[in-house]
Amino acid sequence: MNFDFDRIIDRHGTLATKWDDLDRGHDKAEPIPLWVADMDFPSPPEVTQALLNRAGHPVYGYSMIPVSYYETLVAWYKTQYQTELSRHDFILSRGVVPALGTAVNTWSKAGEGVLILTPIYPPFFEVIRRSGRVAVEAPMKLNDTGRYSFDSADLEKALANAENRGIHVSLMLFCSPHNPGGAVWHRAELESILAFAQKHGIVVAADEIHADFVYTPRSFCSLAAFPDHASRVVVISSANKTFNLGGLHASHFVVRDNALKVQLKRSLEAEWSGAPDIFSFAAAEAAYKHGAEWIFALKAYILRNIEITVKRIAAECPGLKAYKPEGTYLVWANASEHIAKLNLKDDVELVKHLEISGRVKATPGSIFGSEGRGFIRINAACPRSQLEKGLDRMAYFFSNKRDASSLT
Ligand SMILES: Cc1ncc(COP(=O)(O)O)c(C=O)c1O
């Protein structure tokens with residue numbers, strides 16, 4: 001089947017965060033939104049059909065989750081990640097970020113530390129802070145190819161520092177594949193986390209929402225694929241990134257261990273957070289059931305977008321160095337040289353100028369923690385003509401012509 005990812009779909013007037021929160025200066029072209037991680041592609045046609053089918057029945061009363069929903073999840077893990085699970089290993093939730101909050105409330109106590117590898121997707125800091133826990137940061141190292149890495153010594157050091165401050169760590173939140181850097185963790189890296197967790201009695205909650213965007217030669221390995229470590233592993237994921245369902249809220253935990261299941265169910269009951277609504281699970285079920293071919297084709301399209309982005313930035317944006325990610329649709333780019341050359345305060349100021357004068361909206365790196373300072377994140381998941389237009393404007397902006405308002 002052919003999918004037309006080049007087609008521009010006008011999202012104006014749909015209350016889309018990505019499009020409705022843009023600077024619209026007088027007489028200037030609207031900024032090209034290359035920021036928040038959602039895609040400007042329509043979901044697979046079967047998803048729209050499933051939503052229409054459900055909406056077509058005019059009674060939207062209390063509903064049950066069908067067994068078939070769990071079965072599609074089992075099948076997805078088996079076919080896409082070669083991980084054998086039972087339907088009883090899935091516990092549903094309403095969004096990955098809320099599920100991270102539930103994990104914090106379940107496997108750590110107020111005042112305790114929660115370990116994270118930084119830089120990291122900003123809500124990781126927020127769910128920890130808002131639950132009255134302390135973020136214990138283990139900064140990662142960035143190599144010349146733009147890949148982040150960590151080793152057990154980094155984890156041990158962060159833990160020892162926390163303990164010296166009287167902070168006990170019982171939980172680690174882990175992002176796999178990694179947002180913002182796009183690393184797809186090697187099996188050996190995952191094993192080092194698991195060994196560390198076992199040594200210190202820590203539970204690992206892995207956010208695997210970007211699992212379906214992994215590019216050859218890397219392949220995705222879920223933390224749910226280590227049965228020997230099941231007593232300390234919780235995976236959190238959803239169809240949201242894969243099938244562009246950010247406005248719906250179906251997500252799931254994968255928990256194989258009975259004791260962890262009981263603890264998690266108790267927390268979810270206490271939060272009254274319940275299962276996803278009828279539309280969310282109708283959409284997610286259709287996506288998992290029918291979307292394999294669609295995501296396969298989309299990944300190839302996005303990979304090409306990423307390659308174009310990295311190449312054009314290298315050739316046309318002085319002072320900006322972009323790195324090709326192993327996974328995700330996000331391109332992480334070091335702008336420190338440009339920031340220094342223009343004497344800007346930081347990446348936040350740069351991103352502001354880029355939006356107002358350059359007419360492109362990107363995400364500032366420092367919201368991912370102090371290691372992100374001087375970086376920007378570019379979302380390559382849009383029709384190619386839109387991306388190229390954004391890159392034209394970035395080329396203009398970074399070569400110091402600055403005001404791109406004359407560009408269309
Ligand atoms: C790593 C990661 N986790 C979670 C989310 C959001 O998940 P949800 O909308 O289901 O809360 C995102 C969105 O960008 C993300 O990148």
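**View 1. Two cis prolines sit in loops.** Proline 217 lies in the loop between strand E8 (203-207) and strand E9 (233-238). Helices (H or I, at least four residues) and strands (E, at least two) are DSSP runs, numbered from the N terminus. The peptide bond that joins threonine 216 to proline 217 is cis, with omega about 10°. A cis peptide bond also links serine 176 and proline 177, where omega is about -5°. Proline 177 belongs to the loop between E7 and helix H7 (187-200). This is a predicted model: local features need pLDDT of at least 70, side-chain atom pairs count only at pLDDT 80 or more, and totals for chains, interfaces and linings use all residues. Residues are numbered from 1 along each chain as its sequence is written.

**View 2. Seven strands form an open, mixed sheet.** The strand order is E2-E10-E9-E8-E7-E3-E4. Two strands pair if DSSP finds at least two bridges between them. Strand E2 (90-93) and strand E4 (134-139) are the edge strands, each pairing on one side only. From one strand to the next, the twist averages 25°. Strand E3 (residues 113-118) and strand E7 (residues 169-175) are parallel and share four bridges. Glycine 113 has valine 169 in E7 as its bridge partner. Helix H5 (residues 123-130) lies across E3, E4 and E7, and runs at about 150° to E4. Axes are lines fitted to C-alpha atoms, for helices over the stretch in contact, and angles run from 0 to 180 degrees between N-to-C directions. Two residues are in contact if their C-beta atoms, placed from the backbone, lie within 7 Å.

**View 3. Four strands form an open, antiparallel sheet.** The order is E11-E12-E15-E14. Strand E11 (321-323) and strand E14 (363-364) stand at the edges with a single partner strand each, so one side of each has no neighbour in the sheet. E11 and strand E12 (residues 330-334) run antiparallel and are joined by three bridges. Tyrosine 323 stands opposite tryptophan 332 in E12. Helix H13 (residues 347-356) packs on the sheet and touches E14 and strand E15 (375-379). The direction of H13 makes about 45° with that of E15.

**View 4. Helices H2 and H10 pack with a right-handed crossing.** Helix H2 (residues 45-56) and helix H10 (residues 278-290) meet at an angle of about 145°, their axes 8 Å apart. H2 contributes Glu46, Val47, Ala50, Leu51 and Arg54. H10 contributes Ile278, Phe279, Ala282, Ala283, Ala286, Ala287 and His290. The residues of this contact divide into nine nonpolar, one polar and two charged. Ala, Val, Leu, Ile, Met, Phe, Trp, Tyr, Cys and Pro count as nonpolar, Asp, Glu, Lys and Arg as charged, and the others, Gly among them, as polar.

**View 5. Domain 1 touches domain 2.** Domain 1 covers 17-43 + 293-401, and domain 2 covers 62-289. These bounds come from an automatic or database domain assignment. The contact involves 23 residues of domain 1 and 30 residues of domain 2. Helix H11 (292-316) and E12 each supply at least two residues of the domain 1 side. H11 gives the largest share of that side, four residues. By class, the domain 1 side has 13 nonpolar, five polar and five charged residues.

**View 6. A shell of 13 residues surrounds the ligand.** The closest are Ala37, Gly95, Val96, Val97 and Tyr121. The shell has six nonpolar, six polar and one charged residues.

Technical notes
Near = placed C-beta within 6 Å. Left-handed = near helix turned anticlockwise from the far one by under 90°.
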